[in-house]
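Here are a few notes to read with the model open beside you. Take them one at a time and find each piece on screen as you go.

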Amino acid sequence: MSARSSQLLIVQPYVPSYRVPLFRRMKAELLTQGIQLKVAAAPATGMDKSRADDQTTEVADFVLPIRRIQFGAKALVWKSLSTILRDYRPDLIVVEQAIKNLESWLPLLSQRLPNRPHVAMWGQGRAYSTPQSQMEARVRLWLTRQSSWFFAYTDMGAKYLSENHYPAERISILWNSNDSEMLRKELTSIHPEEVEGFRRRRGLTKGRTALFLGGVDSRKGIRFLLDTAHHVAESLPDFTLVVAGTGDSVGEVLSEEDRGGPVRFLGRVDGREKAIALSACDILMVPEWVGLVAIDALVAGKPLATTEHPSHSPEFEYLTLGTNSIITEHRIHEYAAGVTSLLIDKSRLRMMSEACVADSALLTINGMTDRFVAGIVEWRQASQE
């Protein structure tokens, strides 16, 4: 492998829209280091497809055929890499940290053979949102140890691996982010008249509006969210929950709205529409599976109300109870009480909003890109020694 020129392949399940800025920036930055990056991914399937954020065919350099092998509630996935490995001949490969991706196994287990690419993993470090059996956790950890480098989303995942005998010097912490810089620009460009018009068209009351932003599917606890909205509205008659996103639970949301519930459905929002929705709300409500939406909340200066639930992703670490978020027990009455209390207390809401903005400063796509590129360069150097 030449120190001056290397070829890197990143393999993804699919390319969601929030990853597009990262890959574009990484390609440009890595070229300055003599590393050509190409991305391989398959089209979204199942619940991922229902979120309508698949950019694979627009962004991926290689679109992979995919086969799913179902074992009861579990599924294994095969995405063929043979043609890419033969024709592109990468020196370095980054794969997702997941035992279900069968195509990752052979490159991981054969990388110590002559003329084989070095293989790193990219992921959470430990299991967060998806429950794993003890056997699955052991296999995942064993497979992770086969990788020659690890790119961890956050500090806690990195800490878990180092505590479980993965060399700390071969871990790069990325501080996973979306394009928060673009969101900041959109937010600062919003005129008050746009926000007022948004509220007026949907019958929203300033100081009494919550926003759910993300996949509208069973993983996010939509039924729990809607039931909580009813309880909040009983205490605050002008309260409304705005639901922005798409997924397999949209029907439940529309039914609540049709019945006159305190709910307004927006559908999927991006760019300026997303910024207006964030500007018009007072808090975010995401009871389960908090992920990158935590960054949206912090950047917009909107405290995030969530619950103690095992589904949360690594980005949950960006939240601090009582400072930029409220975290209640996972019970409808407790969650509703927490939301109601925060909306009523204007002084507390204002202080938490200011803390959100301050806490968002380091969570940027540029920072993540810099850390990813630096880790890849360090990994390449270690692979050549």
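This is a predicted model: local features need pLDDT of at least 70, side-chain atom pairs count only at pLDDT 80 or more; totals for chains, interfaces and linings use all residues.

1. Let's start with strand 1, residues 6–12. Is it mostly buried or exposed? Of its 7 residues, 6 are buried, so the rest of the structure largely encloses this strand. Here "buried" means a relative accessible area under 20%.

2. Now see who sits beside strand 1. Strand 2 (residues 35–41) runs parallel to it, and 7 bridges join the two.

3. Look for Leu8, whose bridge partner in strand 6 is Leu92.

4. How many strands form it, and in what order? There are 6, arranged 12-11-10-13-14-15, with parallel pairing. From one strand to the next, the twist averages 25 degrees.

5. Zoom in on one pairing in that sheet: strand 10 (residues 209–213) and strand 11 (residues 240–244) are parallel and share 5 bridges. Phe212 is bridged to Val243 in strand 11. While you're looking at strands, a handy rule is that side chains in a regular strand alternate between the two faces of the sheet.

6. Next, the second largest pocket, which holds about 550 Å³ of space. Which residues lie nearest its centre? They are Leu85, Pro90, Asn115, Arg116 and Pro117, out of 21 lining residues. Strand 5 (74–79), helix 4 (82–87) and helix 5 (105–110) each give at least two residues to the lining. Sorted by class, the lining has 9 nonpolar, 6 polar and 6 charged residues.

7. Last one: find Glu186 in helix 8 (residues 180–189). Its relative accessibility is 19%, so Glu186 counts as buried, given that the cut-off is under 20%. Now look across to Arg272: Glu186 and Arg272 are 86 residues apart in sequence, yet their C-alpha atoms are 5.8 Å apart in space.

Technical notes
Residues are numbered from 1 along each chain as its sequence is written. Side-chain values use heavy atoms; hydrogens and water are left out. Buried means under 20% relative accessible area, exposed over 50%, partly exposed in between (1.4 Å probe, protein chains only). Helices (H or I, at least four residues) and strands (E, at least two) are DSSP runs, numbered from the N terminus. Two strands pair if DSSP finds at least two bridges between them. On a 1 Å grid over the protein atoms alone, a cavity is a set of points where a 1.4 Å probe fits but cannot get out, and a pocket is an open set with protein on both sides within 12 Å along at least five of seven lines; lining residues have an atom within 4 Å of a point. Grid points are joined across faces, edges and corners, and a volume is the space filled by probe spheres set on the points. Ala, Val, Leu, Ile, Met, Phe, Trp, Tyr, Cys and Pro count as nonpolar, Asp, Glu, Lys and Arg as charged, and the others, Gly among them, as polar. Axes are lines fitted to C-alpha atoms, for helices over the stretch in contact, and angles run from 0 to 180 degrees between N-to-C directions.
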